[in-house]
Amino acid sequence: MAAIQSYRNLLRAARIAFEGDTRMLTGARESIRNAFRDKATLPPSDPSIEPALKHADEVAAFLKANVVQGIKQEDNTYKLRIHEHTERGDNESIKFANKNPRVGVKCCSEM
């Protein structure tokens, strides 16, 4: 059942991310279908299934939150299709762009 849920979740995410772009949506669906067919013959106890399903869920989340498509306008600008699932940041990282921020993780040479 988890495989069906992940499969549907990926198809849904692709539909959201590539809405209005028939070529990309068709390609994404084909890629998803082929990836799941490749693993369809594995027994339920196979240890590679759980990581594959986790990966599928992560890809679905990424597609929904981080893929934004642009449509070229007549004036050579692009109109972005930002939807309700698109992740929006607060641009905090821009404040530190040239200031060499310390994240709190020690480098290997500092250990």
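Me: What makes β1 and β2 count as paired strands?

Reply: This is a predicted model. In it, strand β1 (residues 69–72) and strand β2 (residues 78–81) are joined by four bridges in the antiparallel sense. Pairing requires at least two bridges, so β1 and β2 qualify as a pair. As one example of the contacts, I71 has K79 in β2 as its bridge partner.

Me: What do β1 and β2 form, and how many residues lie between them?

Reply: The two strands β1 and β2 form a hairpin, with five residues between them. N76 belongs to the loop between β1 and β2.

Me: Why is N76 called exposed?

Reply: The relative accessible area of N76 is 57%. Exposed means over 50%, so N76 is classed as exposed.

Me: How do you know that L80 is exposed, and where does L80 lie?

Reply: L80 lies in strand β2. Its relative accessibility is 52%, and the cut-off for exposed is over 50%, so L80 counts as exposed. L80 also takes part in a nonpolar surface patch with V68, Y78 and I82. Together these four residues have about 390 Å² of accessible area.

Me: Which residues form the positive surface patch, and which helices supply them?

Reply: The positive patch consists of R8, R12, R15, R29, R33 and R37. Helices α1 (2–17) and α2 (22–39) each supply at least two residues of this patch.

Me: Why is R29 called partly exposed?

Reply: R29, which has its place in helix α2, has a relative accessibility of 33%. Buried means under 20% and exposed means over 50%; the value for R29 falls in between, so R29 counts as partly exposed.

Me: What is the order of helices and strands along the sequence?

Reply: The protein has three helices and two strands. Read along the sequence, they follow the pattern α-α-α-β-β.

Me: What share of the residues in the protein is buried?

Reply: Of the 111 residues in the protein, 17% are buried. Each residue in that share has under 20% relative accessible area, because that is what buried means.

How values were computed
Residues are numbered from 1 along each chain as its sequence is written. This is a predicted model: local features need pLDDT of at least 70, side-chain atom pairs count only at pLDDT 80 or more; totals for chains, interfaces and linings use all residues. Side-chain values use heavy atoms; hydrogens and water are left out. Patches are made of residues with over 30% relative accessible area and no salt bridge: like charges are joined within 9 Å, nonpolar side chains (Val, Leu, Ile, Met, Phe, Trp, Tyr) within 5 Å. Accessible areas come from the Shrake-Rupley method with a 1.4 Å probe; for residues, only the protein chains shown count as cover. A salt bridge is a side-chain nitrogen of Lys or Arg within 4 Å of a carboxyl oxygen of Asp or Glu. Lys and Arg count as positive and Asp and Glu as negative; His and the chain ends are not counted. The place of a charge is taken as NZ of Lys, CZ of Arg, CG of Asp or CD of Glu. Buried means under 20% relative accessible area, exposed over 50%, partly exposed in between (1.4 Å probe, protein chains only).
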